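Please look over the model below. The report takes it element by element.

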Amino acid sequence: MKSTIEIKKILQAASVEELPEFIAAYASDERQGVRKLAETAAKRLAALEKERARIETLRRYEEQYSEYEYICGVDEVGRGPLAGPVVAGAVILPKGCRILYINDSKQLSEKKREELYDVITGQAAAWAVGCVSPERIDEINILQATYEAMRQAVGRLRPVPDLLLNDAVQIPGISIPQVPVIKGDAKSITIGAASIVAKVTRDRMMQQYDKTYPEYGFAENKGYGSREHIEALQKHGPTPIHRRSFIRNFVAT
């Protein structure tokens with residue numbers, strides 16, 4: 001007879017497919033500790049089934065427009081920060097793709113975003129990012145800069161998408177059919193994937209900027225207007241990556 005410790009190790013190493021067999025084998029075990037392990041396995045299986053059901057709801061737009069071969073999700077990150085670029089992500093997932101745990105990037109931990117970034121970019125039929133600098137943001141305003149970043153990202157995709165699912169906006173200057181989806185990063189698996197790619201890309205950029213400008217805490221605040229960031233801005237003045245049109249209320253520009 002296997003010990004409780006041995007059974008625990010079996011559970012820790014078990015794949016999802018092996019959980020039903022594990023539960024059947026140990027749910028009625030005479031040992032309370034082993035029965036609790038079976039309960040843990042059952043909870044894990046139930047959580048997985050719940051996640052699978054959630055992902056199916058995130059595929060409703062992809063199913064609704066399934067006649068299109070290459071459906072591209074588009075989203076941006078970085079409209080609100082005082083510093084750094086605005087970044088857009090564009091992702092085409094394979095037909096029938098069901099990457100678990102995709103969601104609005106803001107609802108995910110940094111660790112989970114990083115994990116999903118690797119899965120998404122590894123499985124995507126195509127993906128790309130667009131990036132517009134602080135200088136350009138000051139020149140044309142943040143809305144137009146966001147559109148520009150989105151056009152960059154979409155324009156870099158091969159194959160070329162035949163439908164865009166956008167988070168909330170209609171992108172001007174693109175002839176591809178578009179479907180704006182309000183809060184789309186939490187309603188569409190492809191828009192959610194694009195939001196994760198954009199967020200991870202921009203966060204990594206801000207972490208690199210932190211090495212050049214360590215006083216501002218860019219690795220933590222990602223350029224957003226935290227109290228520490230504003231205090232550093234007032235003490236040290238703006239860096240080349242600050243958006244002059246965004247910081248006028250805090251420092252002279």
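What follows covers a helix, a glycine, a helix crossing and some aromatic pairs.

## Helix 3

This is a predicted model. Helix 3 covers residues 32–58 and has 27 residues. At 1.5 Å a residue, it should span 39 Å. Its end C-alpha atoms are 39 Å apart, so expectation and model agree.

Which residues of helix 3 are buried? They are Val34, Leu37, Ala38, Ala41, Leu45, Leu48, Glu51, Ile55 and Leu58. An α-helix has 3.6 residues a turn, so residues three or four places apart point the same way. The cover over the buried residues of helix 3 includes helix 1 (4–13), helix 2 (19–26), helix 4 (60–64) and helix 8 (189–212).

## Glycine 130

Glycine 130 sits in strand 3, residues 126–132. Is glycine 130 buried or exposed? Its relative accessibility is 0%, so glycine 130 counts as buried; the cut-off for buried is under 20%.

Leaving aside residues up to four places away in sequence, glycine 130 touches Val86, Val87, Ala88, Ala149, Gln152, Ala153 and Arg156. Threonine 201 is 71 residues away along the chain, yet the C-alpha atoms of glycine 130 and threonine 201 are separated by 9.9 Å.

## Helix 5 against helix 8

Two packed helices are described by the angle between their axes and the distance between the axes. For helix 5 (residues 110–123) and helix 8, the axes come within 9 Å and cross at roughly 115°. The crossing is left-handed.

Helix 5 brings Glu110, Arg113, Glu114, Leu116, Tyr117, Asp118, Ile120 and Thr121 to the contact. Helix 8 meets them with Ala193, Ile196, Val197, Lys199, Val200, Thr201, Asp203, Arg204 and Gln207. By type, the residues of this contact are seven nonpolar, three polar and seven charged.

## Aromatic pairs

How many aromatic pairs does the structure hold? There are four. One of them joins tyrosine 65 and tyrosine 68. Their ring centres are 6.5 Å apart and their planes lie at 55°, so the pair is tilted. Tyrosine 68 has 24% relative accessibility, so it counts as partly exposed.

Tyrosine 117 and tryptophan 127 form an edge-to-face pair, 6.0 Å centre to centre with 70° between the planes. This pair links distant parts of the chain: tyrosine 117 is in helix 5, tryptophan 127 is in strand 3, and they are ten residues apart. Tyrosine 117, at 11% relative accessibility, counts as buried. Tryptophan 127, at 35%, counts as partly exposed.

Conventions
Residues numbered from 1 in each chain as written. Predicted model: local features only at pLDDT ≥ 70, side-chain atom pairs only at ≥ 80, totals over all residues. Heavy atoms only, no water. Helix = DSSP H or I, 4+ residues; strand = E, 2+ residues; numbered from the N terminus. Expected span 1.5 Å × (residues − 1). Buried < 20%, exposed > 50% of the residue type's maximum accessible area, 1.4 Å probe, protein only. Contact = heavy atoms within 4.5 Å. Axes fitted to C-alpha atoms, helices over the stretch in contact; angles between N-to-C directions. Left-handed = near helix turned anticlockwise from the far one by under 90°. Nonpolar A, V, L, I, M, F, W, Y, C, P; charged D, E, K, R; others polar. Phe/Tyr/Trp six-rings, centres within 6.5 Å; stacked < 30°, edge-to-face > 60°.
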